[in-house]
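Let's take a friendly walk through one protein model together. Have a look at the sequence and the fold below, and then read on.

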Amino acid sequence: MATSVDSKEHSTGNSEQGDLSDDSGQEYPPSPVHEEKVVDGYDVFHGSPNDRKRIALVVDYSEFPGPKRFKQNIEIKDVVTEHVLPFLPAKSLFRLRAVSKEWDELITSPFFIHQQSHHFRDISGLFCQLPGDAPFFVSLNGDAYGVPSPSLSFLPEPVTVRTSCNGLLCCQSCNGENTYYICNPATKDWRALPKSNLYHGPEPALALAFEPSVLNFAAHYQLICAFSLTDHPVICFEIFSSRSSSWRLADTECCELDASKLNGDGLFMKGVAFWETSAGDILAFDLNEEQYGILSLPLGSGPHGALAVMHGELCYILPHRRGYEYNLDIYGDMDMNLKHSISLDGDFFHEFTEKMRALACVNSDVVIVNIGRILIAYDVKAGKAEVLRSGTGTDDGCVRYLPYVNSLVHVH
(Lines give C-alpha, C1' and ligand atoms only; values in the text may rest on other atoms or scores of the structure.)
Protein backbone atom coordinates (compact mmCIF):
# COMPACT_ATOMS: atom_id res chain seq x y z
CA MET A 1 0.00 0.00 0.00
CA ALA A 2 1.56 3.33 -1.07
CA THR A 3 1.44 6.87 0.34
CA SER A 4 1.87 10.22 -1.41
CA VAL A 5 2.62 13.59 0.14
CA ASP A 6 1.10 16.88 -0.93
CA SER A 7 4.02 19.33 -0.73
CA LYS A 8 2.98 22.09 -3.06
CA GLU A 9 4.51 25.36 -1.67
CA HIS A 10 3.19 28.88 -2.32
CA SER A 11 5.29 32.08 -2.63
CA THR A 12 4.35 33.19 0.85
CA GLY A 13 6.50 30.38 2.32
CA ASN A 14 3.61 28.80 4.15
CA SER A 15 2.72 25.16 3.48
CA GLU A 16 -0.90 24.95 2.38
CA GLN A 17 -3.15 21.98 1.59
CA GLY A 18 -3.18 21.37 -2.16
CA ASP A 19 -3.88 18.78 -4.83
CA LEU A 20 -2.12 15.44 -5.18
CA SER A 21 -0.58 16.59 -8.46
CA ASP A 22 0.31 19.84 -10.19
CA ASP A 23 -1.16 21.18 -13.38
CA SER A 24 1.10 18.99 -15.47
CA GLY A 25 -0.26 15.86 -13.83
CA GLN A 26 3.12 15.01 -12.25
CA GLU A 27 2.89 13.71 -8.69
CA TYR A 28 5.18 15.29 -6.10
CA PRO A 29 7.56 12.97 -4.23
CA PRO A 30 7.46 12.72 -0.45
CA SER A 31 9.32 15.47 1.40
CA PRO A 32 12.52 14.16 2.97
CA VAL A 33 12.35 16.55 5.93
CA HIS A 34 8.95 15.46 7.23
CA GLU A 35 8.19 12.05 8.74
CA GLU A 36 5.41 10.05 7.15
CA LYS A 37 3.01 8.44 9.56
CA VAL A 38 -0.25 6.53 8.98
CA VAL A 39 -2.32 5.16 11.87
CA ASP A 40 -5.21 2.72 11.30
CA GLY A 41 -5.74 3.87 7.75
CA TYR A 42 -6.44 7.56 8.62
CA ASP A 43 -4.61 10.73 7.62
CA VAL A 44 -2.27 11.96 10.37
CA PHE A 45 -1.15 15.55 10.73
CA HIS A 46 2.07 16.34 12.49
CA GLY A 47 4.54 19.17 12.70
CA SER A 48 3.87 22.82 13.44
CA PRO A 49 0.80 24.58 12.06
CA ASN A 50 3.07 26.53 9.70
CA ASP A 51 4.92 23.48 8.52
CA ARG A 52 2.46 20.65 8.14
CA LYS A 53 2.11 17.91 5.57
CA ARG A 54 -0.90 15.76 4.82
CA ILE A 55 -0.26 12.07 4.56
CA ALA A 56 -2.91 10.52 2.32
CA LEU A 57 -3.58 6.86 1.79
CA VAL A 58 -3.55 5.68 -1.76
CA VAL A 59 -5.35 2.34 -1.85
CA ASP A 60 -4.74 -0.09 -4.66
CA TYR A 61 -8.20 -1.60 -5.00
CA SER A 62 -6.93 -4.20 -7.41
CA GLU A 63 -5.56 -6.05 -4.37
CA PHE A 64 -9.09 -6.77 -3.13
CA PRO A 65 -11.54 -9.17 -4.78
CA GLY A 66 -14.47 -7.46 -6.42
CA PRO A 67 -18.10 -8.49 -6.05
CA LYS A 68 -18.93 -12.04 -7.12
CA ARG A 69 -19.63 -12.09 -10.79
CA PHE A 70 -22.58 -14.17 -11.98
CA LYS A 71 -23.12 -15.44 -15.43
CA GLN A 72 -25.28 -12.99 -17.31
CA ASN A 73 -26.65 -15.67 -19.63
CA ILE A 74 -27.61 -18.24 -16.98
CA GLU A 75 -30.59 -20.32 -18.07
CA ILE A 76 -33.56 -21.32 -15.97
CA LYS A 77 -32.84 -25.01 -16.60
CA ASP A 78 -29.46 -24.62 -14.89
CA VAL A 79 -31.14 -23.19 -11.81
CA VAL A 80 -33.71 -26.00 -11.79
CA THR A 81 -31.18 -28.81 -12.16
CA GLU A 82 -28.99 -27.45 -9.36
CA HIS A 83 -31.47 -26.03 -6.85
CA VAL A 84 -34.76 -27.87 -7.49
CA LEU A 85 -34.31 -31.41 -8.81
CA PRO A 86 -32.21 -32.80 -5.89
CA PHE A 87 -35.01 -31.82 -3.48
CA LEU A 88 -37.81 -33.69 -5.29
CA PRO A 89 -39.15 -37.17 -4.43
CA ALA A 90 -38.33 -40.21 -6.54
CA LYS A 91 -41.76 -40.48 -8.18
CA SER A 92 -41.60 -36.92 -9.51
CA LEU A 93 -38.04 -37.43 -10.74
CA PHE A 94 -38.95 -40.54 -12.70
CA ARG A 95 -41.55 -38.48 -14.56
CA LEU A 96 -39.04 -35.71 -15.25
CA ARG A 97 -36.65 -38.15 -16.92
CA ALA A 98 -38.88 -37.86 -20.00
CA VAL A 99 -38.23 -34.11 -20.31
CA SER A 100 -34.96 -34.55 -22.19
CA LYS A 101 -32.04 -36.89 -22.68
CA GLU A 102 -29.93 -34.52 -20.61
CA TRP A 103 -32.29 -34.76 -17.63
CA ASP A 104 -32.56 -38.52 -18.00
CA GLU A 105 -28.78 -38.88 -17.82
CA LEU A 106 -28.60 -36.45 -14.90
CA ILE A 107 -31.30 -38.11 -12.77
CA THR A 108 -29.81 -41.59 -13.29
CA SER A 109 -26.24 -40.52 -12.56
CA PRO A 110 -24.65 -41.77 -9.30
CA PHE A 111 -23.73 -38.27 -8.16
CA PHE A 112 -27.30 -36.98 -8.54
CA ILE A 113 -28.69 -40.05 -6.75
CA HIS A 114 -26.31 -39.31 -3.88
CA GLN A 115 -27.44 -35.66 -3.87
CA GLN A 116 -31.14 -36.52 -3.83
CA SER A 117 -30.82 -39.10 -1.04
CA HIS A 118 -28.97 -36.51 1.04
CA HIS A 119 -31.34 -33.56 0.40
CA PHE A 120 -34.74 -35.26 0.32
CA ARG A 121 -35.69 -36.59 3.78
CA ASP A 122 -39.47 -36.10 3.94
CA ILE A 123 -41.61 -39.02 5.03
CA SER A 124 -43.62 -39.83 1.91
CA GLY A 125 -46.01 -42.47 3.22
CA LEU A 126 -46.25 -45.71 5.13
CA PHE A 127 -45.74 -49.31 4.18
CA CYS A 128 -48.49 -51.30 5.84
CA GLN A 129 -48.99 -55.03 6.24
CA LEU A 130 -51.70 -57.12 7.84
CA PRO A 131 -50.70 -60.57 9.14
CA GLY A 132 -50.63 -63.07 6.29
CA ASP A 133 -51.15 -60.44 3.57
CA ALA A 134 -48.80 -58.75 1.14
CA PRO A 135 -47.53 -55.27 1.99
CA PHE A 136 -49.15 -52.15 0.54
CA PHE A 137 -48.21 -48.48 0.45
CA VAL A 138 -50.25 -45.51 1.69
CA SER A 139 -48.97 -42.26 0.19
CA LEU A 140 -49.22 -38.90 1.94
CA ASN A 141 -49.57 -37.29 -1.50
CA GLY A 142 -50.50 -39.55 -4.37
CA ASP A 143 -49.37 -37.04 -7.00
CA ALA A 144 -45.89 -36.60 -5.55
CA TYR A 145 -45.05 -39.83 -3.72
CA GLY A 146 -45.37 -43.43 -4.81
CA VAL A 147 -43.65 -46.73 -5.58
CA PRO A 148 -44.06 -48.93 -8.67
CA SER A 149 -44.62 -52.17 -6.73
CA PRO A 150 -46.31 -51.56 -3.34
CA SER A 151 -46.59 -55.33 -2.70
CA LEU A 152 -42.80 -55.71 -3.13
CA SER A 153 -43.43 -58.41 -5.73
CA PHE A 154 -39.98 -57.75 -7.24
CA LEU A 155 -38.44 -59.63 -4.30
CA PRO A 156 -37.83 -63.37 -4.90
CA GLU A 157 -40.24 -64.56 -2.19
CA PRO A 158 -43.05 -63.31 0.09
CA VAL A 159 -41.71 -61.15 2.89
CA THR A 160 -42.70 -59.35 6.05
CA VAL A 161 -41.73 -55.68 6.24
CA ARG A 162 -39.68 -55.14 9.37
CA THR A 163 -37.95 -51.77 9.57
CA SER A 164 -37.07 -48.75 7.42
CA CYS A 165 -34.62 -45.87 7.43
CA ASN A 166 -34.22 -42.91 5.04
CA GLY A 167 -35.45 -44.62 1.89
CA LEU A 168 -34.29 -48.17 2.57
CA LEU A 169 -36.61 -50.98 3.67
CA CYS A 170 -35.65 -54.17 5.50
CA CYS A 171 -37.82 -57.26 4.99
CA GLN A 172 -37.66 -60.80 6.33
CA SER A 173 -38.67 -63.95 4.50
CA CYS A 174 -41.95 -65.50 5.61
CA ASN A 175 -40.51 -69.03 5.81
CA GLY A 176 -39.20 -68.58 9.35
CA GLU A 177 -35.56 -68.38 8.27
CA ASN A 178 -33.20 -65.53 9.04
CA THR A 179 -33.24 -64.30 5.44
CA TYR A 180 -33.20 -60.54 5.27
CA TYR A 181 -33.64 -58.32 2.22
CA ILE A 182 -32.64 -54.68 1.96
CA CYS A 183 -34.49 -52.86 -0.82
CA ASN A 184 -35.59 -49.50 -2.13
CA PRO A 185 -39.21 -49.86 -3.32
CA ALA A 186 -38.95 -46.69 -5.44
CA THR A 187 -36.23 -48.14 -7.66
CA LYS A 188 -36.93 -51.88 -7.05
CA ASP A 189 -33.26 -52.23 -6.18
CA TRP A 190 -32.61 -55.01 -3.63
CA ARG A 191 -30.11 -57.43 -2.18
CA ALA A 192 -30.34 -60.51 0.01
CA LEU A 193 -28.06 -60.38 3.02
CA PRO A 194 -25.75 -63.32 3.72
CA LYS A 195 -26.79 -65.73 6.43
CA SER A 196 -26.11 -64.51 9.93
CA ASN A 197 -23.70 -66.31 12.20
CA LEU A 198 -26.34 -66.99 14.87
CA TYR A 199 -30.00 -67.91 14.78
CA HIS A 200 -32.04 -64.88 15.73
CA GLY A 201 -35.26 -66.70 16.50
CA PRO A 202 -38.60 -66.29 14.72
CA GLU A 203 -39.11 -62.66 15.76
CA PRO A 204 -35.84 -60.76 16.37
CA ALA A 205 -35.90 -57.01 16.99
CA LEU A 206 -34.31 -55.18 14.07
CA ALA A 207 -33.17 -51.62 13.40
CA LEU A 208 -31.91 -50.44 10.02
CA ALA A 209 -29.21 -47.78 10.21
CA PHE A 210 -28.70 -45.53 7.19
CA GLU A 211 -27.75 -41.87 7.49
CA PRO A 212 -27.30 -40.04 4.17
CA SER A 213 -24.44 -37.58 4.31
CA VAL A 214 -22.01 -35.81 2.03
CA LEU A 215 -19.32 -38.36 2.91
CA ASN A 216 -21.58 -41.44 2.65
CA PHE A 217 -21.40 -41.53 -1.16
CA ALA A 218 -21.60 -45.34 -1.37
CA ALA A 219 -24.81 -45.45 0.76
CA HIS A 220 -23.22 -47.50 3.53
CA TYR A 221 -25.85 -48.99 5.85
CA GLN A 222 -26.02 -51.42 8.76
CA LEU A 223 -28.67 -53.76 10.16
CA ILE A 224 -28.74 -54.23 13.93
CA CYS A 225 -30.41 -57.36 15.26
CA ALA A 226 -31.20 -57.56 18.99
CA PHE A 227 -32.14 -61.07 20.10
CA SER A 228 -32.07 -63.31 23.16
CA LEU A 229 -30.14 -66.54 23.37
CA THR A 230 -32.15 -69.63 24.29
CA ASP A 231 -32.69 -70.06 28.04
CA HIS A 232 -30.53 -66.99 28.79
CA PRO A 233 -32.04 -63.64 29.88
CA VAL A 234 -29.41 -61.80 27.85
CA ILE A 235 -29.84 -59.65 24.77
CA CYS A 236 -27.11 -59.89 22.15
CA PHE A 237 -26.49 -57.57 19.22
CA GLU A 238 -25.42 -58.90 15.83
CA ILE A 239 -24.66 -56.29 13.19
CA PHE A 240 -24.52 -56.56 9.42
CA SER A 241 -22.35 -54.01 7.60
CA SER A 242 -22.79 -53.30 3.90
CA ARG A 243 -19.19 -52.09 3.82
CA SER A 244 -17.78 -55.52 4.72
CA SER A 245 -20.86 -57.49 3.58
CA SER A 246 -20.64 -59.59 6.72
CA TRP A 247 -22.09 -60.01 10.21
CA ARG A 248 -20.29 -59.43 13.48
CA LEU A 249 -21.34 -60.03 17.08
CA ALA A 250 -20.95 -57.01 19.35
CA ASP A 251 -18.99 -57.54 22.55
CA THR A 252 -21.72 -55.79 24.53
CA GLU A 253 -24.54 -57.83 26.04
CA CYS A 254 -27.58 -56.45 27.83
CA CYS A 255 -28.04 -58.39 31.05
CA GLU A 256 -30.84 -56.32 32.59
CA LEU A 257 -33.86 -58.59 32.97
CA ASP A 258 -36.39 -55.80 32.53
CA ALA A 259 -35.13 -55.19 29.01
CA SER A 260 -35.15 -58.82 27.90
CA LYS A 261 -38.40 -58.52 25.91
CA LEU A 262 -38.55 -56.02 23.09
CA ASN A 263 -41.82 -54.84 21.58
CA GLY A 264 -41.19 -55.04 17.86
CA ASP A 265 -38.59 -53.38 15.72
CA GLY A 266 -36.64 -50.25 16.50
CA LEU A 267 -35.99 -46.71 15.37
CA PHE A 268 -32.56 -45.39 14.38
CA MET A 269 -31.53 -41.78 14.89
CA LYS A 270 -28.18 -40.00 15.15
CA GLY A 271 -26.12 -43.16 15.50
CA VAL A 272 -28.35 -44.84 18.10
CA ALA A 273 -30.98 -47.57 17.76
CA PHE A 274 -33.98 -47.48 20.12
CA TRP A 275 -36.40 -50.28 21.00
CA GLU A 276 -39.41 -50.15 23.28
CA THR A 277 -39.46 -52.92 25.90
CA SER A 278 -42.35 -54.76 27.49
CA ALA A 279 -41.30 -53.41 30.89
CA GLY A 280 -42.00 -49.78 29.96
CA ASP A 281 -38.41 -48.83 29.11
CA ILE A 282 -36.35 -47.96 26.04
CA LEU A 283 -33.31 -50.02 25.12
CA ALA A 284 -30.77 -47.77 23.40
CA PHE A 285 -27.78 -49.13 21.51
CA ASP A 286 -24.99 -46.81 20.36
CA LEU A 287 -23.78 -48.21 17.05
CA ASN A 288 -20.42 -46.42 17.09
CA GLU A 289 -19.44 -47.27 20.66
CA GLU A 290 -21.39 -50.55 20.70
CA GLN A 291 -22.72 -49.78 24.17
CA TYR A 292 -26.28 -49.93 25.45
CA GLY A 293 -28.36 -47.90 27.87
CA ILE A 294 -31.83 -48.01 29.43
CA LEU A 295 -34.23 -45.06 29.32
CA SER A 296 -37.58 -44.83 31.06
CA LEU A 297 -40.84 -44.47 29.17
CA PRO A 298 -43.65 -42.32 30.57
CA LEU A 299 -46.36 -43.92 32.68
CA GLY A 300 -49.16 -45.39 30.62
CA SER A 301 -46.95 -46.33 27.69
CA GLY A 302 -47.99 -49.41 25.82
CA PRO A 303 -49.15 -50.73 22.46
CA HIS A 304 -50.89 -47.46 21.55
CA GLY A 305 -47.83 -45.24 21.97
CA ALA A 306 -44.94 -44.88 19.55
CA LEU A 307 -41.33 -43.77 19.50
CA ALA A 308 -40.87 -41.08 16.86
CA VAL A 309 -38.60 -38.27 15.73
CA MET A 310 -39.95 -34.75 16.10
CA HIS A 311 -37.88 -31.67 15.23
CA GLY A 312 -34.79 -33.86 15.03
CA GLU A 313 -35.16 -35.24 18.57
CA LEU A 314 -36.39 -38.53 19.99
CA CYS A 315 -39.89 -38.34 21.41
CA TYR A 316 -42.69 -40.62 22.55
CA ILE A 317 -46.25 -39.97 21.37
CA LEU A 318 -48.96 -41.29 23.65
CA PRO A 319 -52.61 -40.86 22.64
CA HIS A 320 -55.46 -41.24 25.11
CA ARG A 321 -59.10 -40.31 25.43
CA ARG A 322 -60.47 -37.93 28.03
CA GLY A 323 -64.22 -37.83 28.05
CA TYR A 324 -65.28 -37.19 24.47
CA GLU A 325 -61.91 -35.86 23.33
CA TYR A 326 -58.67 -37.45 22.13
CA ASN A 327 -55.38 -36.08 23.37
CA LEU A 328 -51.82 -36.51 22.15
CA ASP A 329 -49.17 -36.27 24.87
CA ILE A 330 -45.68 -35.76 23.48
CA TYR A 331 -42.73 -36.64 25.72
CA GLY A 332 -39.09 -35.82 25.07
CA ASP A 333 -35.54 -35.44 26.40
CA MET A 334 -33.55 -38.27 27.90
CA ASP A 335 -35.89 -38.51 30.88
CA MET A 336 -39.01 -38.40 28.69
CA ASN A 337 -40.68 -35.40 30.32
CA LEU A 338 -44.04 -34.21 29.04
CA LYS A 339 -43.41 -31.49 26.43
CA HIS A 340 -46.80 -30.93 24.84
CA SER A 341 -50.37 -32.06 25.35
CA ILE A 342 -52.48 -31.54 22.25
CA SER A 343 -56.25 -31.74 22.38
CA LEU A 344 -57.88 -33.10 19.23
CA ASP A 345 -61.19 -31.40 19.92
CA GLY A 346 -62.31 -30.82 16.35
CA ASP A 347 -65.61 -32.12 15.02
CA PHE A 348 -63.65 -34.62 12.93
CA PHE A 349 -62.84 -36.85 15.92
CA HIS A 350 -66.22 -36.71 17.67
CA GLU A 351 -67.64 -39.60 15.64
CA PHE A 352 -64.95 -42.04 16.83
CA THR A 353 -65.11 -44.04 20.04
CA GLU A 354 -62.29 -46.59 19.58
CA LYS A 355 -58.79 -46.27 20.96
CA MET A 356 -56.27 -44.24 19.02
CA ARG A 357 -52.84 -45.61 18.15
CA ALA A 358 -49.87 -43.40 17.32
CA LEU A 359 -47.74 -44.58 14.40
CA ALA A 360 -45.16 -42.02 13.34
CA CYS A 361 -44.34 -38.35 13.13
CA VAL A 362 -44.06 -36.89 9.63
CA ASN A 363 -41.84 -33.89 8.95
CA SER A 364 -41.97 -32.83 12.61
CA ASP A 365 -45.45 -31.30 12.45
CA VAL A 366 -47.73 -34.08 11.19
CA VAL A 367 -48.53 -37.10 13.35
CA ILE A 368 -49.91 -40.29 11.81
CA VAL A 369 -52.47 -42.10 13.96
CA ASN A 370 -55.04 -44.78 13.35
CA ILE A 371 -58.44 -45.36 14.89
CA GLY A 372 -59.60 -48.87 14.15
CA ARG A 373 -57.99 -49.27 10.75
CA ILE A 374 -58.52 -45.71 9.57
CA LEU A 375 -55.22 -43.94 8.93
CA ILE A 376 -55.28 -40.24 9.79
CA ALA A 377 -52.65 -37.54 9.28
CA TYR A 378 -53.02 -34.79 11.87
CA ASP A 379 -51.23 -31.48 11.42
CA VAL A 380 -50.29 -30.35 14.93
CA LYS A 381 -49.69 -26.70 13.99
CA ALA A 382 -52.71 -26.23 11.75
CA GLY A 383 -55.01 -28.43 13.85
CA LYS A 384 -56.30 -30.21 10.73
CA ALA A 385 -56.89 -33.91 10.12
CA GLU A 386 -56.88 -35.82 6.84
CA VAL A 387 -57.95 -39.41 6.22
CA LEU A 388 -55.23 -41.27 4.35
CA ARG A 389 -56.95 -44.62 4.15
CA SER A 390 -60.26 -45.99 5.33
CA GLY A 391 -60.45 -49.58 6.54
CA THR A 392 -62.76 -51.89 8.42
CA GLY A 393 -62.14 -53.83 11.58
CA THR A 394 -60.28 -53.05 14.77
CA ASP A 395 -56.59 -52.48 15.26
CA ASP A 396 -55.23 -55.25 17.46
CA GLY A 397 -51.66 -53.94 17.28
CA CYS A 398 -50.56 -56.62 14.79
CA VAL A 399 -50.72 -54.38 11.72
CA ARG A 400 -47.28 -53.10 10.76
CA TYR A 401 -46.80 -49.48 9.70
CA LEU A 402 -43.39 -48.31 8.50
CA PRO A 403 -42.67 -44.70 7.48
CA TYR A 404 -40.88 -44.50 4.13
CA VAL A 405 -38.89 -41.78 2.32
CA ASN A 406 -39.32 -41.63 -1.47
CA SER A 407 -35.59 -41.69 -2.22
CA LEU A 408 -33.40 -42.75 -5.14
CA VAL A 409 -30.78 -44.31 -2.88
CA HIS A 410 -29.14 -47.48 -4.26
CA VAL A 411 -28.76 -50.61 -2.18
CA HIS A 412 -25.53 -51.66 -3.89
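L126 stands opposite P403 in β26. This is a predicted model, where local features need pLDDT of at least 70, side-chain atom pairs count only at pLDDT 80 or more, and totals for chains, interfaces and linings use all residues. Residues are numbered from 1 along each chain as its sequence is written, and side-chain values use heavy atoms, without hydrogens and water.

Strand β4 (residues 123-129) is joined to β26 by 6 bridges, and the two run antiparallel. Strands here are DSSP runs (E, at least two residues), numbered from the N terminus, and two of them pair if DSSP finds at least two bridges between them. The order β5-β4-β26 makes an open sheet of 3 strands with antiparallel pairing. Because β5 (136-139) and β26 (400-405) stand at the edges with a single partner strand each, one side of each has no neighbour in the sheet.

On a 1 Å grid over the protein atoms alone, a cavity is a set of points where a 1.4 Å probe fits but cannot get out, while a pocket is an open set with protein on both sides within 12 Å along at least five of seven lines; lining residues have an atom within 4 Å of a point. A volume is the space filled by probe spheres set on the points, which are joined across faces, edges and corners.

| Space | Volume |
|---|---|
| Largest cavity | about 40 Å³ |
| Second largest pocket | about 360 Å³ |

Among the residues lining the largest cavity are F136 and Y401. The second largest pocket has 21 lining residues, with M310, E313, L314, C315 and G332 nearest its centre.

Definitions and conventions: Helices (H or I, at least four residues) and strands (E, at least two) are DSSP runs, numbered from the N terminus.
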